[in-house]
Amino acid sequence: MSAAAPEDARRIMRTGRVLPYPPERVFEAIADPAQLARWWGPAGFTNTFEVFEFTPGGRWVFQMHGPDGQSYANSSVFDAIEPGRRVAVRHDCAPLFTLSITLTAVDEGTALDWVQAFDDAATADAVRARCLQGNEDNLDRLGAVLDGRDPA
């Protein structure tokens, strides 16, 4: 194992979920901006999408509105899109990271693997607690949208 391995491992945050829907349905909730805006972000957040170009190299620019009334600017590029299988998003404003969402068909529906790779370990360490909880909230809210419930 190289000396860099522990720092590299600290840059990665992973969560996952099995959702009782086929991968195509889960992918649709990512690809459709109306659905995505309903579930993206931690509990209590809403979104206003300014640009949503769901194609490799396409831009995604939006504001996340927190329950405290603050708005948070976000800018990303879709690095890779494999319909029904995978989406990779490069968050190109602070904090810098790449998010990979992988969908795998399983007997129960879809195994979703959510991996954030931050550019550096110090940034990942600084946002870890908030980010890990936010990622769990994201998947809770995605499940609610897929179930036809309010993702609040």
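These legends accompany close-up views of a predicted model of one protein chain.

**Figure 1**
Along the sequence, the elements run α-β-α-α-β-β-β-β-β-β-α. The chain has 152 residues and a radius of gyration of 15 Å, which agrees with the value near 15 Å for a compact globule. Its C-alpha atoms fill a box of roughly 45 × 40 × 30 Å along the principal axes. Buried residues make up 41% of the 152. Take the contacts between residues at least 6 apart in sequence: 45% of them join residues at least 24 apart.

**Figure 2. Surface and charge of the protein chain.**
The chain exposes about 7500 Å². Carbon and sulfur atoms supply 55% of that area. The side chains include 14 positive and 22 negative ones. The centres of these two sets lie 2 Å apart.

**Figure 3. Helix α2 and its buried residues.**
Helix α2 covers residues 23–31. Its buried residues are Pro-23, Val-26, Phe-27, Ala-29 and Ile-30. Viewed down the helix axis, they fall within an arc of 155°, so they line one face of α2.

**Figure 4. Pro-22, in the loop between β1 and α2.**
Strand β1 spans residues 12–19, and Pro-22 sits in the loop between this strand and α2. Pro-22 is partly exposed, with a relative accessible area of 43%. For scale, compare the position of Arg-38. Pro-22 and Arg-38 are 16 residues apart in sequence. Their C-alpha atoms are 20 Å apart in space.

**Figure 5. Ala-37 in helix α3.**
Helix α3 runs over residues 33–39 and holds Ala-37. Beyond its neighbours within four places in sequence, Ala-37 is in contact with Asn-47 and Phe-49. Met-64 lies 27 residues from Ala-37 along the chain. The C-alpha atoms of Ala-37 and Met-64 are separated by 9.3 Å.

**Figure 6. Phe-45, in the loop between α3 and β2.**
Strand β2 covers residues 46–52, and Phe-45 belongs to the loop between α3 and this strand. Is Phe-45 buried or exposed? With a relative accessible area of 16%, Phe-45 falls under the 20% cut-off, so the residue counts as buried. Neighbours within four places in sequence aside, the contacts of Phe-45 are Met-64, His-65, Gly-66, Pro-67, Tyr-72 and Arg-141. Pro-151 is 106 residues from Phe-45 in sequence. The C-alpha atoms of Phe-45 and Pro-151 are 9.8 Å apart.

**Figure 7. Pro-67, in the loop between β3 and β4.**
Strand β3 spans 59–65 and strand β4 spans 71–82; Pro-67 is found in the loop between them. Pro-67 is exposed, with a relative accessible area of 61%. Which residues does Pro-67 contact, leaving aside neighbours within four places in sequence? They are Ala-43, Gly-44 and Phe-45. Pro-42 is 25 residues from Pro-67 in sequence. From C-alpha to C-alpha, Pro-67 and Pro-42 are 9.8 Å apart in space.

**Figure 8. The cis peptide bond from Ala-94 to Pro-95.**
Most peptide bonds are trans. The bond from Ala-94 to Pro-95 is cis, with omega near -5°. Pro-95 has its place in the loop between β5 and β6. Strand β5 covers residues 86–91, and strand β6 covers residues 97–106.

Technical notes
Residues numbered from 1 in each chain as written. Predicted model: local features only at pLDDT ≥ 70, side-chain atom pairs only at ≥ 80, totals over all residues. Heavy atoms only, no water. Helix = DSSP H or I, 4+ residues; strand = E, 2+ residues; numbered from the N terminus. Rg over C-alpha atoms; globule rule 2.2 N^0.38 Å. Buried < 20%, exposed > 50% of the residue type's maximum accessible area, 1.4 Å probe, protein only. Contact = heavy atoms within 4.5 Å. Areas by Shrake-Rupley, 256 points an atom, 1.4 Å probe, with all protein chains shown as cover. Lys, Arg positive; Asp, Glu negative; His and termini not counted. Charge placed at Lys NZ, Arg CZ, Asp CG, Glu CD. Arc of directions from axis to C-beta.
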